Amino acid sequence: MDSFKVVLEGPAPWGFRLQGGKDFNVPLSISRLTPGGKASQAGVAVGDWVLSIDGENTGSLTHIEAQNKIRACGERLSLGLSRAQPVQSKPQKVQTPDKQPLRPLVPDASKQRLMENTEDWRPRPGTGQSRSFRILAHLTGTEFMQDPDEEHLKKSREKYVLELQSPRYTRLRDWHHQRSAHVLNVQS
C-alpha cells in the first residue's frame, strides 16, 4: 500500500465523490472523479482510501462527518490517501473472449469487493433507483415494494375516512376523551 498526501487549492468543488465511512463499516474511499477536476489533476484515483482529512484520521468518521469536514476546509483541502496499486498513466483495456473487461487485481479482497460493488451508482434506466438504493432496499427487505399509485392512495384515504365514521371508532374516541377528562380532573 502506497500512502501519500494531496493538497488541493480551493475553493470547492474538489472534483471527487466519497463513499463509505464508520456508519457503513467500510473505509472512506474515492468513488468518482470529475474528469479534469482538482482531485484528478492532483493524482487522486478512484478506489484510493481516504486516511485523513486536514490531518484528522478518518477511521472514526461517519460519511456525513467526513463530508462536513471537507466542506469546512474552505480554500485548502489536505487529504492523506492510500493506494493498493500504482495507477497506470494510460488505462489499457484488455478484452477476454466473452468481451468482459478484466478488473485490476487488488490484493485485499474487501477492497476488491468494495470496488466491484460501487462501479455503477447511477440509476438504472426505467427505475430511477441507484445501485446504492437497490442494495439498501435488498438489505432492508423492501426491494419488491412498489410505490403507491394515485388510485391506491385514494382508496386508502377513503378507507380511513370510513373508519373514522364507524361506531367502533366513535366509542373508542368517546371513551378516550372521557378517560382523559377524568384523569385531568383528578390530578389538577
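**Exercise 1.** What percentage of the 188 residues in the chain do buried residues make up?

Solution. The model is a predicted one. Buried residues make up 23% of the 188 residues.

**Exercise 2.** Describe the order of secondary structure elements and the range of the contacts.

Solution. Start with the count: the chain has 6 helices and 6 strands. Next, read the elements from the N terminus: β-β-β-α-β-β-α-β-α-α-α-α. Then turn to contacts with a separation of 6 or more: 55% of them join residues 24 or more positions apart.

**Exercise 3.** Which residues touch the most other members of the largest nonpolar core, and which element gives the most to this core?

Solution. The core holds 18 residues, and F16, L18, V50, I53 and L77 touch the most other members. Two or more residues come from each of β1 (2–9), β2 (16–21), β3 (26–33), β4 (49–53), α2 (63–71) and β6 (76–83). The element that gives the most is β6, with 3 residues. For one of the residues named, list the contacts, leaving out residues up to four places away in sequence: V50 touches L18, L28, S29, I30, T58, L79, G80 and L81.

**Exercise 4.** Is S52 buried or exposed?

Solution. Locate the residue: S52 is in strand β4. Its relative accessibility is 17%. The cut-off for buried is under 20%, so S52 counts as buried at 17%. Beyond four places away in sequence, S52 touches N57, T58, S78, L79 and G80.

**Exercise 5.** Examine N25 and D54 for backbone phi, location and accessibility.

Solution. Most residues other than glycine have a negative phi. N25 has a positive phi, near 55°, and D54 has a positive phi near 50°. For location, N25 is in the loop between β2 and β3, while D54 is in the loop between β4 and β5 (56–57). For accessibility, apply the cut-offs: exposed is over 50%, and partly exposed lies between that and 20%. N25, at 72% relative accessibility, therefore counts as exposed. D54 is at 36%, so D54 counts as partly exposed.

Technical notes
Residues are numbered from 1 along each chain as its sequence is written. This is a predicted model: local features need pLDDT of at least 70, side-chain atom pairs count only at pLDDT 80 or more; totals for chains, interfaces and linings use all residues. Side-chain values use heavy atoms; hydrogens and water are left out. A nonpolar core is a set of buried Ala, Val, Leu, Ile, Met, Phe, Trp, Tyr and Cys residues joined through side-chain atoms within 4.5 Å. Buried means under 20% relative accessible area, exposed over 50%, partly exposed in between (1.4 Å probe, protein chains only). Helices (H or I, at least four residues) and strands (E, at least two) are DSSP runs, numbered from the N terminus. Contact means heavy atoms within 4.5 Å.
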